[in-house]
Amino acid sequence: MLLRASLIAGVCFFVVALLGEALFEDLLQVRYAAFLLFGGAIFLLVGLRMVFQGPDAILKVRGEPEHLAGSIAMPFLIGPGTVNASILIGRELNPLGAAAVIASALVLSMIGVLAVKALFDGVRSRNAKLIQRYVDIVGRISALIVGSIAVEMMLSGIDRWQGR
């Protein structure tokens, strides 16, 4: 499922990297600044939910189990932050370079997820409560980072909207 979700996300990221801001401004007829503001707001809400609800916030974002690859791809891999990063990658690199960076990031993400899962599975039975506590703490710390990125996206949208 992780490989399929990464392939779905990779195709989406590459298309967004190729189309860039034109995806929003020419195809969807909305300003890229509007995407940054709204995407930042969504990202901020997710970050706030993670701060106040902990790991339970992530469970509520997932879709139905029969669509697991899409459920992994959409709320976790494909979001406002990663779409924005794909646009920036496409702006800075040629298509082949953008594809290489996107593929590398997805491979590293998959390796990281698999490594954390293997570690968690190895110690879960002995130290389940301790591991759950660490997951909660790390989740809340990552929520602060998510919130900071969200605010930065919103500030970038305001800057673009004002022509800075």
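Ser86 sits in helix H6. The model discussed here is predicted. Ser86 has a relative accessible area of 2%, and since buried means under 20%, Ser86 counts as buried. Leaving aside residues up to four places away in sequence, Ser86 touches Phe13, Val16 and Ala17.

**Helix H6 against helix H3**

Helix H6 covers residues 80-92 and packs with H3 at an angle of about 145°. The axes of H3 and H6 are 9 Å apart. On the H3 side, the residues that meet H6 are Tyr32, Phe35, Leu36, Gly39 and Phe43. Their partners in H6 are Pro80, Gly81, Val83, Asn84, Ile87 and Arg91. Sorted by class, this contact of H3 with H6 has 7 nonpolar residues, 3 polar residues and 1 charged residue. Arg91 is the charged one, because Arg belongs to the charged class.

**Aromatic rings**

A pair of aromatic rings is described by the distance of the centres and the angle of the planes. A search of the whole structure gives 3 aromatic pairs. Two pairs are set out below.

| Pair | Centre to centre | Angle between planes | Class |
|---|---|---|---|
| Phe24 and Tyr32 | 5.9 Å | 45° | tilted |
| Tyr32 and Phe35 | 6.0 Å | 20° | stacked |

The pair of Tyr32 and Phe35 counts as stacked because its planes are 20° apart and the limit for stacking is under 30 degrees. For Phe24 and Tyr32 the angle is 45°, so the pair is neither stacked (under 30 degrees) nor edge-to-face (over 60) and is classed as tilted.

Within helix H3 (residues 32-53), Tyr32 and Phe35 are 3 residues apart, about one turn of the helix. Phe24 and Tyr32 are both buried. For Tyr32 the relative accessible area is 2%. Phe35, at 15% relative accessibility, is also counted as buried.

**Ala100 in helix H7**

Ala100 lies in helix H7, which spans residues 95-161. Its relative accessibility is 42%, so Ala100 counts as partly exposed. In sequence, Ala100 and Phe14 are 86 residues apart. In space, the distance between Ala100 and Phe14 is 9.7 Å, C-alpha to C-alpha.

Conventions. Residues numbered from 1 in each chain as written. Predicted model: local features only at pLDDT ≥ 70, side-chain atom pairs only at ≥ 80, totals over all residues. Heavy atoms only, no water. Helix = DSSP H or I, 4+ residues; strand = E, 2+ residues; numbered from the N terminus. Buried < 20%, exposed > 50% of the residue type's maximum accessible area, 1.4 Å probe, protein only. Phe/Tyr/Trp six-rings, centres within 6.5 Å; stacked < 30°, edge-to-face > 60°. Axes fitted to C-alpha atoms, helices over the stretch in contact; angles between N-to-C directions. Contact = heavy atoms within 4.5 Å.
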